[in-house]
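Let's take a friendly walk through a protein model together. Have the sequence and the 3D view ready, and follow along as we go.

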Amino acid sequence: MCELSLEKMGAIFADTNVYMLHMMYQAMGVCLYMQDWDGAMSYGEKIVQPYSIHYPAYSLNVASMYLKLGRLYLGLEKKSQGVKALNKALAIMEVAHGKDHHYVAEVKREIVEQK
């Protein structure tokens, strides 16, 4: 359903359009639910850069996308990409939540575990 919607909407909107991004986010969620990790990664990669343009510099929406992508990469044994994405999420989260927040500590632990 999401792919059909994206196909129809793609004839009108650019991939960076907020409606397209919302549908891609939904499609990513469906892929995660269906355990289609490669599909989820593909949608996440399409979403993360436009999110960085549409949202403020330290938006938790952007951090959340980097966090999801980082964990997907790690699950797919793409360690360097996973750590890079987790570090981007961490940089945003340290500003948004503060360096002492337990979410920040959790992401730091995940990064250290990869070394």
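Is tyrosine 55 buried, partly exposed or exposed? With a relative accessibility of 31%, tyrosine 55 counts as partly exposed, because that class lies between under 20% for buried and over 50% for exposed. Please keep in mind that this is a predicted model.

**Aromatic pairs**

The structure holds two aromatic pairs. In one of them, phenylalanine 13 and tyrosine 19 are tilted, with 40 degrees between the planes and 5.8 Å from centre to centre. Phenylalanine 13 is partly exposed, at a relative accessible area of 29%, while tyrosine 19 is exposed at 55%. Tyrosine 55 takes part in an aromatic pair too: its partner is tyrosine 51, and the arrangement is edge-to-face. Here the centres are 5.1 Å apart and the planes make an angle of 70 degrees. Tyrosine 51 is buried, because its relative accessible area of 10% falls under the 20% cut-off.

Here are the two pairs together.

| Pair | Centre to centre | Angle between planes | Arrangement |
|---|---|---|---|
| Phenylalanine 13 and tyrosine 19 | 5.8 Å | 40 degrees | tilted |
| Tyrosine 51 and tyrosine 55 | 5.1 Å | 70 degrees | edge-to-face |

**Two helices that pack**

Now turn to the helices. Two packed helices are described by the angle between their axes and the distance between the axes. For H2 and H4, the angle is about 35 degrees and the axes are 13 Å apart. The crossing of H2 past H4 is left-handed. On the H2 side you will find Tyr25, Met28 and Leu32, which meet Met65, Lys68 and Leu72 of H4. Sorted by kind, the residues of this contact are five nonpolar, no polar and one charged.

Most residues other than glycine have a negative phi. Which way does the phi of glutamine 35 go, positive or negative? Glutamine 35 has a positive phi, near 60 degrees, and is not a glycine. Look for glutamine 35 in the loop that links helix H2 (18–33) and helix H3 (37–54). Its relative accessible area is 56%, so glutamine 35 is exposed.

Glutamate 77 sits in the loop between helix H4 (60–75) and helix H5 (79–96). With 73% relative accessibility, glutamate 77 also counts as exposed.

Conventions:
Residues numbered from 1 in each chain as written. Predicted model: local features only at pLDDT ≥ 70, side-chain atom pairs only at ≥ 80, totals over all residues. Heavy atoms only, no water. Helix = DSSP H or I, 4+ residues; strand = E, 2+ residues; numbered from the N terminus. Buried < 20%, exposed > 50% of the residue type's maximum accessible area, 1.4 Å probe, protein only. Axes fitted to C-alpha atoms, helices over the stretch in contact; angles between N-to-C directions. Left-handed = near helix turned anticlockwise from the far one by under 90°. Contact = heavy atoms within 4.5 Å. Nonpolar A, V, L, I, M, F, W, Y, C, P; charged D, E, K, R; others polar. Phe/Tyr/Trp six-rings, centres within 6.5 Å; stacked < 30°, edge-to-face > 60°.
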